[in-house]
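Please find my comments on the two-chain model below. They are meant to be read with the coordinates open.

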Amino acid sequence: MTTDQLLAQDANKGMMEVWFCGPTGWAKLLEKELRERLQGSLLFHKEAFELR
Amino acid sequence: MNTSPMASLPWEIYDNSLYLSGLLAIALMSVTMMLATRPTWLEAPLNGLDKMYLLHKWTGILAVVFAALHWLIEMGDDVIKSLFGRDGRLPEEDFSGFIEMMRDAAEDIGEWAVYLVFAMLVLTLWKRFPYNIWRYVHRVMPVLYLLLAFHAVLLAPLVWWQQPIGLLMGLLLIGGSVAGIVSLRGVIGQSLQVKGSIHAISTTAPGITEVECQLDKKWQGHSAGQFAFVTFNRIEGAHPFTIASADHGDGQVTFKIKALGDYTKRLDHKLKVGQLVTVEGPYGRFNFKPKKPTATQIWIAGGIGVTPFLARLEELKNQPEQSTMVQMHYATHDSATDPFVKRLQQACISLSHIQLHIHDSNADKK
């Protein structure tokens with residue numbers, strides 16, 4: 001899955017809201033890349049289980 | 001903050017640095033203690049308990065950094081003395097008898113408590129230190145906090161208590177101390193704890209155990225995407241797991257647990273049907289409620305991260321009016337053997353507004 005594939009699905013071509021649950025490293029990378037491409041038009045929700 | 005207006009500049013800088021670092025350390029420690037009590041009213045502003053715990057971790061780390069700075073400054077007074085002499089320093093506040101004795105004790109206690117807090121930070125950041133031991137060691141933190149609060153109350157400049165800074169510090173110390181006592185009494189999250197028993201156990205895929213629990217009527221229900229702290233064994237304590245089922249109002253909740261750590265690797269051998277469980281929750285704000293209804297909704301799941309999405313898909317079957325268009329992506333190593341692929345495909349059949357995309361990393365490599 002690439003950032004380009006995700007952006008191609010941005011039907012509204014404006015604001016994208018992502019709900020992510022998976023490996024932390026992947027979440028960070030994906031969020032960084034999407035933020036660079038979408039600027040302020042991204043809402044990225046992720047769980048952050050770090051209880052230590 | 002000005003504690004010694006007639007001191008020479010080096011001593012003025014020294015005193016203010018000492019008090020400022022101490023103030024920041026105890027203020028952040030107080031916030032850390034209060035966050036540790038899992039206050040549900042803070043879930044909304046902080047976007048969930050998981051984020052609250054991240055904040056707890058970072059306020060704790062920053063508190064120890066400022067405590068280290070405070071200790072270094074305290075130890076550095078000999079350097080100022082040798083460079084600028086003792087003359088520019090204002091005499092210490094004059095106490096006598098019992099108060100002076102308590103202040104001396106507070107100084108010694110503060111020093112030793114700080115050493116232990118440093119050690120605790122090292123254990124916390126040292127990920128190889130076993131979690132099941134760490135969680136017991138970490139329970140000493142409220143005691144260390146109360147000792148440091150005693151140090152702060154007795155050694156803060158008297159003039160502070162007549163200023164807004166004293167009011168702020170007083171509120172933080174009261175909040176932190178109450179949180180410390182709540183923690184020591186072991187009643188954190190008690191109002192959200194519900195008893196129940198294991199209804200069914202199955203292995204849905206290699207290394208993934210599905211545990212279905214029947215909870216008491218006290219269970220208030222949950223939204224898809226929320227998680228709970230589950231205690232299967234009192235010695236092991238509570239562990240957070242995402243609830244993988246939708247809420248049907250009957251107290252049944254399912255957890256899909258992947259063997260990732262020491263505890264979860266041994267779990268399937270330890271559980272049996274009928275075993276008592278305690279579930280605390282629900283917590284979290286990963287609830288799929290669009291913050292911007294006009295935005296394109298994209299769901300991305302990797303491996304066991306699929307659990308909140310399974311719960312949401314199950315929930316949507318009962319809520320046909322929720323028809324926002326969603327692009328769902330699921331990443332797996334091998335779609336042919338991954339049981340979640342079939343589950344997702346079945347769940348999406350009747351949900352025309354969910355477009356499912358499966359990403360198979362093995363297939364991509366071929």
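The points below go from the basis of the model to its chains, their contact and the domains.

1. Basis. This is a predicted model, in which local features need pLDDT of at least 70 and side-chain atom pairs count only at pLDDT 80 or more, while totals for chains, interfaces and linings use all residues. Residues are numbered from 1 along each chain as its sequence is written, and chains are lettered from A and ligands numbered from 1 in the order in which they are written.

2. Confidence in chain A. Within chain A, confidence is highest in strand E1 (residues 16-21), at a mean of 93, and lowest in helix H1 (residues 3-8), at 81.

3. Layout of chain A. Chain A holds 2 helices and 2 strands, where helices (H or I, at least four residues) and strands (E, at least two) are DSSP runs numbered from the N terminus. Their order along the sequence is α-β-α-β, and the C-alpha trace of chain A spans about 40 × 20 × 15 Å along its principal axes. Of the 52 residues of chain A, 27% count as buried; a residue is buried if 20 or more other C-beta atoms lie within 10 Å of its own, exposed if 12 or fewer, and partly exposed in between, with C-beta atoms placed from the backbone.

4. Contact between the chains. Chain B contributes 32 residues to the contact and chain A contributes 24, two residues being in contact if their C-beta atoms, placed from the backbone, lie within 7 Å. On the side of chain B that touches chain A, the elements giving two or more residues include helix H3 (49-75) and helix H10 (307-317) of chain B, and E7(B) gives the most, with 7 residues. By class, this side of chain B has 16 nonpolar, 11 polar and 5 charged residues; Ala, Val, Leu, Ile, Met, Phe, Trp, Tyr, Cys and Pro count as nonpolar, Asp, Glu, Lys and Arg as charged, and the others, Gly among them, as polar.

5. E1(A) pairs with E7(B) in the parallel sense over 6 bridges, pairing being assigned if DSSP finds at least two bridges between two strands. A:Met16 has B:Thr296 as its bridge partner in E7(B). B:Thr296 counts as buried because it has 22 C-beta neighbours inside 10 Å, and its C-alpha atom is separated by 7.2 Å from that of B:Val326, 30 residues apart along the chain.

6. Domains of chain B. Chain B is divided into domain 1 (9-184), domain 2 (190-283) and domain 3 (297-365), with bounds that come from an automatic or database domain assignment. The C-alpha centres of domain 2 and domain 3 of chain B lie 22 Å apart, and their contact takes 12 residues from domain 2 and 11 residues from domain 3. Strand E1 (193-205) and strand E5 (252-258) of chain B are the elements that give two or more residues to the domain 2 side.

7. Pairing of E1(B). E1(B) pairs in the antiparallel sense with strand E2 (residues 208-215) of chain B over 8 bridges and with strand E6 (residues 276-283) of chain B over 5 bridges. E1(B) and E2(B) form a hairpin with 2 residues between them, and B:Gly207 in the turn has a positive phi of about 85°.

Definitions and conventions: pLDDT is the predictor's confidence in each residue, from 0 to 100.
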